[in-house]
Amino acid sequence: MTATTMPVLPRWTWLASPFTRVALAFAVLSLLSGTFEAPDLFSRGGISATLRFSAPILLAGLGALWAERSGVINIGLEGMMIAGTWFGAWAGYQWGIEAALVAGIAAGVSLGLVHALLTVTFGVDQVISGLSLNVLAAGLTRFLSSTAFATVPGGSIATSPPVPDFPIVSVPGAELLLLPAEQAGIPILSDAAAIGLGLLTDASVLTIGVAALVPLSWWVLWRTRLGLRIRAVGEHPKAADSLGVRPWRYRYVALGVSGGLAGLGGVYLVTVASSLYREGQTAGRGFIGLATVIFGNWNPWSVTLGSLVFGFTDALRTRQEVTVGVLLVGLGMLFAIVAVRRGLRSDVRGTLLFGIPAVAMLLWFWLVRVVPSEFVSFAPHLTTLLILAFVRQRLRPPAGLGEPYQRDGTT
Amino acid sequence: MRTRVRGAGLLLVAPTAALALALAVACGVLAVTGANPIATLREALTYGLQPATLVAIVNKAIPYYLAGIAAAIGFHLRLFNIGIDGQYRLAAFAAAVIGAAVALPAPLHLALIAVVAVIVGSGWAAIAGFLFVRRGVNVVISTIMLNAVATGIIAYLLSPLRLAQQAAGSNNVTTATIPESGWIPGISTSAGDLNGLLIPALVVGIGYWLVLNRTTLGFEVRALGLNGRAAAVAGMRGPRLALLTMAASGAIAGLVGLPQLLGASHRFGLDFPAGLGFTGLSVAILGRNHPAGIAIGAFLWAFLERSAQVLDLAGISREVVTILQAVIVLSVVVAFELVRRLRERQERRYVAAAIEGAPA
């Protein structure tokens with residue numbers, strides 16, 4: 001078969017929209033969870049857990065977005081997030097949540113500015129600088145824990161005393177409207193109501209603040225002079241410079257914001273997602289955030305979608321084992337569909353590439369039914385890997401990404 | 001000729017300045033925690049230079065060195081293999097399981113264990129290499145994710161229900177112990193035994209240097225790393241080399257767990273050292289991808305960690321060393337960059353002068 005025998009059907013293009021696909025996937029999974037009695041797939045608690053797990057990834061993703069739009073790769077996000085967790089917890093347990101916010105964000109901003117100093121002023125390789133910052137943050141927090149947390153009651157060398165939480169709020173009336181629908185037991189509708197309840201009730205104030213940062217980031221980056229200049233510097237620093245926009249200045253600003261967002265992600269982890277600082281708490285979320293930017297094609301809305309997907313898989317560890325099994329079926333069906341489509345195009349390798357995992361996943365569910373918790377623990381990481389590997393899309397990173405810029409033309 | 005000598009001098013200036021800065025930071029931190037910096041450092045140095053301590057330091061440095069070489073291999077093509085950690089742990093686990101399951105004459109047994117480790121390490125790294133070459137997936141991200149997957153796989157298999165058993169008298173879970181034919185004998189010195197993997201590690205370092213500087217393959221890797229477009233024009237196949245480089249990096253990473261497995265614990269347990277891969281990255285940055293530099297870096301890292309034990313006695317948290325290490329990495333990176341710029345400026349001035357002096 002050649003391309004000419006398979007004309008593009010315009011009326012099907014809505015199927016290609018990511019939002020349509022998410023809605024379709026939801027409908028199928030909802031039906032599956034009803035069939036296999038996995039009630040907590042789209043339960044209210046499950047949805048709010050997804051939000052709690054998505055928010056720090058989203059913050060890291062927005063941090064990466066700001067940095068990369070200005071042309072600087074920020075591998076140091078993980079370290080900035082670690083600094084945010086430590087300083088957030090340290091200030092939080094002593095002086096409350098406002099102090100946690102200030103200290104965590106300030107720690108992130110400081111590391112972001114160090115990254116700027118190293119990469120923009122000194123011209124150090126951006127990846128190497130980021131990696132070194134991760135080493136610095138891990139070392140610094142471990143040392144600080146040994147002096148600040150190990151000596152106070154409730155703390156240890158690896159954990160802080162309990163940190164207070166942010167207030168919880170609900171949208172008035174949501175409970176009243178959606179609860180009957182959730183409990184009615186109608187296949188897809190009830191799950192949709194449960195999602196509504198999870199989204200609209202018992203949300204942390206900080207979660208709402210984080211959600212507000214998405215449109216805010218979009219507005220600043222695409223609708224203000226500052227944002228235009230940051231993006232110009234990320235696309236073509238030399239052209240920007242020749243028009244009087246100083247790349248250094250805007251990269252410093254962008255990296256400061258980037259670090260601050262990652263630091264806020266750290267604060268979120270110690271206050272909302274848990275209630276204390278634990279060494280290794282970030283668990284690669286800074287890196288997953290970097291992945292959401294690639295997956296999200298350097299656009300804040302898609303970054304949000306990506307972090308919700310990763311947050312959803314990250315929250316799986318809080319679910320029942322059978323629920324994860326149901327997701328496996330969903331994934332297996334998705335792979336099977338792709339395999340069949342590849343088969344129709346007589347793409348033998350593609351068919352096998354997707355067909356074999358599809359059969360394996362469906363067989364596993366048939367025979368074993370549950371997914372071991374050890375495997376669930378790396379679900380977000382594996383999802384990241386699979387999405388980056390299989391989702392074919394037209395990516396367009398900022399043209400100046402990763403390129404150091406010096407005035408005299410040397411690098 | 002004179003510029004070349006000055007260049008070499010400059011090359012030494014960078015690490016010296018970085019070390020001086022790190023020492024200054026160390027003194028500052030020690031002073032803040034209320035200790036006498038000079039006395040503490042002298043004490044740490046005296047302890048670190050005792051023969052018995054030196055043997056322990058060298059043993060500690062061997063895995064750091066191997067991890068450093070593994071990282072350096074990737075660095076040449078800007079393939080930042082953050083996944084050394086997962087690669088060596090998975091490799092050591094597989095090697096421990098297979099090594100304990102067979103009984104062979106000593107040399108064969110050791111060879112089998114090493115081969116298994118190398119194959120598993122390079123296979124795991126090749127996944128990231130393949131994803132990079134075929135799907136353009138960033139290696140930093142894919143290897144980090146593969147670390148998490150490796151951790152999960154090991155956690156699943158390292159269970160009394162599967163490939164491991166409860167260790168007697170402790171709550172450690174380990175694989176079966178490898179029979180003695182699969183142990184590597186130590187090199188005895190008057191101050192204690194050096195780990196037998198010291199010599200293979202040095203051979204790996206020399207081999208790395210030879211392949212990189214004395215073979216076509218190494219030339220291609222260096223050329224591609226310096227200027228991808230020029231190398232492609234010259235007919236070098238980037239994707240093939242990238243995949244090969246990742247696999248080679250993973251193969252050496254597979255060896256990182258062997259000093260512990262073959263020379264010390266002889267089994268893989270929950271207490272198997274983790275995080276050596278990240279040390280390797282620091283050490284490779286410090287050593288500028290040169291085997292001798294990496295050796296110095298690995299020794300320095302081990303020295304710092306070992307001599308820090310004195311700090312505990314003085315009532316100072318030994319974690320101060322982790323700050324010190326980070327400062328060293330950061331300042332070395334900055335110092336080398338500044339020196340590079342300085343040299344470039346010198347060269348430009350030299351060329352400008354030469355052109356001016358020449359008849360038009």
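What share of the contacts in chain B with a separation of 6 or more is accounted for by residues 24 or more positions apart? In this predicted model, such residues make up 77% of those contacts in chain B.

The overall dimensions of chain B can be taken up next. Its C-alpha trace spans about 85 × 60 × 35 Å along the principal axes, and its radius of gyration is 23 Å, which agrees with the value near 21 Å that a compact globule with 360 residues would have. Of the 360 residues in chain B, 49% are buried, a residue being counted as buried if 20 or more other C-beta atoms lie within 10 Å of its own.

Turning to secondary structure, chain B holds 15 helices and four strands. After α5(B) comes B:Gly136, a residue whose phi is positive, near 65°.

The two chains also touch each other, in a contact that takes 35 residues from chain A and 34 residues from chain B. On the side of chain A that touches chain B, the elements giving two or more residues are α5 (126–148), α12 (285–295), α16 (373–376) and α17 (379–390) of chain A, and α5(A) provides the largest share, with 13 residues.

Note on methods: Residues numbered from 1 in each chain as written. Chains lettered and ligands numbered in written order. Predicted model: local features only at pLDDT ≥ 70, side-chain atom pairs only at ≥ 80, totals over all residues. Contact = placed C-beta atoms within 7 Å. Rg over C-alpha atoms; globule rule 2.2 N^0.38 Å. Buried ≥ 20, exposed ≤ 12 C-beta atoms within 10 Å, placed from the backbone.
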